[in-house]
Amino acid sequence: MRRVLVTGGAGFLGSSAVRALAGHPEVELVVAGDVRTPSSVPDGVLIEHCDVTDAANVAAVVRDHRIDTIVHLAAIVNPGGLSEDIEYRVDVEGTRNVLDAAVAFGVTRIVVSSSGAAYGYHADNPEWLVETDRIRGNEEFSYSRHKRLVEEMLAAYRVAHPELGQVVLRIGTILGPSVANQITALWDGPRILAIRGSDSPFVFVWVDDVVGAIVRGATGEVTGAFNVAGDGRMTVSEIAGTLGKRTVTVPPSLLTLALRVGHAVKLTVHGPERVGFLRYRPVLDNSRLKAELGFTPAKTSREAFEAFLAARAARTAEASAR
């Protein structure tokens, strides 16, 4: 019977993980830890103020509730809205504080939400990335750089503290019924942006499948790094076709210039470093997730995208009917 702390337990992904873990027969206790108060939690779930940037606070929560398993989801998920210093404190230093508390108080298992961004957005990425491929990140893109730094930290802790079993989930683009973020905003205009010379494929994963992988990681015995994505991928042209929209194709040099100017005059939080993000998206092979962790996503990348569109259309219809 596991006693689980979910950091970021009030967030979009964290709240779903809390609900799923609370109903699991092998979980004795779930603590939803966050700087925010969850809107609701299942009966029996404890709510704790847990600021991952405060090492003493994290340590006290782990100690007081005799936590043996941590699901570490507290992270900045929409980079650019805060200063890079704050993002670093949450993503990198926050992870160090969680790991130190885990080691200090005998936690035996930790599940960490990483990202395909840890591999980096590079022209020479393999067509399909597997878990043994290098974690390179991108220096110019803070989100990707922070994910690399976190994974390097995790690797060091695996050597120094092998008693702390790690499950590292490198997650693709998460979609769900209410998701609205910087990525989904790419599809809101009358035309879909495409960059000349790149298919810019996406791998999508439905939120319930991410939660399923988290629960499997938290309650199982297998450790290691796992790509979390639905089967298959979708190129920008396929996304546009599914949306019934045309693409507008621009050369990368023009987009780089436009973002440099727009960022300089504060028209956008996105700078020229985002061009690589749009051109060379990591495409994740999920074979190890299925074969070793023993979890198969219910939805393919295309099915996750179609479910997202269906949910958005239903919300629009409901709003129009009011």
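# A first look at the sheet, helices and cores

Helices (H or I, at least four residues) and strands (E, at least two) are DSSP runs, numbered from the N terminus. Angles run from 0 to 180 degrees between N-to-C directions, along axes that are lines fitted to C-alpha atoms, for helices over the stretch in contact; contact means heavy atoms within 4.5 Å.

You are looking at a predicted model, in which local features need pLDDT of at least 70 and side-chain atom pairs count only at pLDDT 80 or more, while totals for chains, interfaces and linings use all residues. Residues are numbered from 1 along each chain as its sequence is written, and side-chain values use heavy atoms, with hydrogens and water left out.

**The sheet**

- Two strands pair if DSSP finds at least two bridges between them.
- Four bridges join E2 (residues 27–34) to E3 in the parallel sense. Look for Asp 34, whose bridge partner in E3 is His 49.

**Helices and what covers them**

- Which residues of H1 are buried? They are Leu 13, Gly 14, Ser 15, Ser 16, Ala 17, Val 18 and Leu 21. Buried means under 20% relative accessible area, exposed means over 50%, and partly exposed is in between (1.4 Å probe, protein chains only).
- The cover over these buried residues of H1 includes E1, E2, E4, E7 and H5.
- Helix H10 (residues 301–321) has 21 residues and should span 30 Å at 1.5 Å a residue; its end C-alpha atoms are 31 Å apart, which agrees. The expected span is 1.5 Å times one less than the number of residues.
- Buried in H10 are Ser 301, Ala 304, Phe 305, Ala 307, Phe 308, Leu 309 and Ala 311. The buried residues of H10 pack against E7 (residues 173–175), E9 (residues 204–206) and helix H6 (residues 236–243).
- Helix H2 (residues 55–64) holds Ala 55, which counts as partly exposed at 38% relative accessibility. Although Ala 55 and Asn 97 are 42 residues apart in sequence, their C-alpha atoms are 5.1 Å apart in space.

**Nonpolar cores**

- In soluble globular proteins, nonpolar side chains tend to be buried together. A nonpolar core here is a set of buried Ala, Val, Leu, Ile, Met, Phe, Trp, Tyr and Cys residues joined through side-chain atoms within 4.5 Å.
- The largest core has 58 residues, and Leu 21, Val 71, Leu 169, Trp 187, Phe 204 and Phe 305 have the most contacts inside it. H5 gives the largest share of this core, seven residues.
- Leaving out residues up to four places away in sequence, Phe 305 touches Leu 175, Trp 187, Phe 204, Met 234, Ile 239, Thr 242 and Leu 243.

**Salt bridges**

- A salt bridge is a side-chain nitrogen of Lys or Arg within 4 Å of a carboxyl oxygen of Asp or Glu. By this rule there are 14 salt bridges.
- Arg 2 and Glu 221 form one of them, at 3.2 Å from N to O. The two are 219 residues apart: Arg 2 sits in E1 (residues 2–7), and Glu 221 sits in the loop between H5 (residues 207–219) and E10 (residues 224–228). Arg 2 is buried at 13% relative accessible area, whereas Glu 221 is exposed at 66%.
- Asp 64 and Arg 63 also meet in a salt bridge, at 2.9 Å from N to O. Asp 64 is partly exposed at 49%, and Arg 63 is partly exposed at 45%.
- Arg 145 and Glu 84 meet at 1.9 Å, N to O. Arg 145 lies in helix H4 (residues 142–160) and Glu 84 in H3 (residues 84–104), so this pair ties together parts that are 61 residues apart in sequence. Arg 145 is buried at 13%, and Glu 84 is partly exposed at 41%.
- Glu 139, Arg 148 and Glu 152 belong to one network, joined by salt bridges that share partners.
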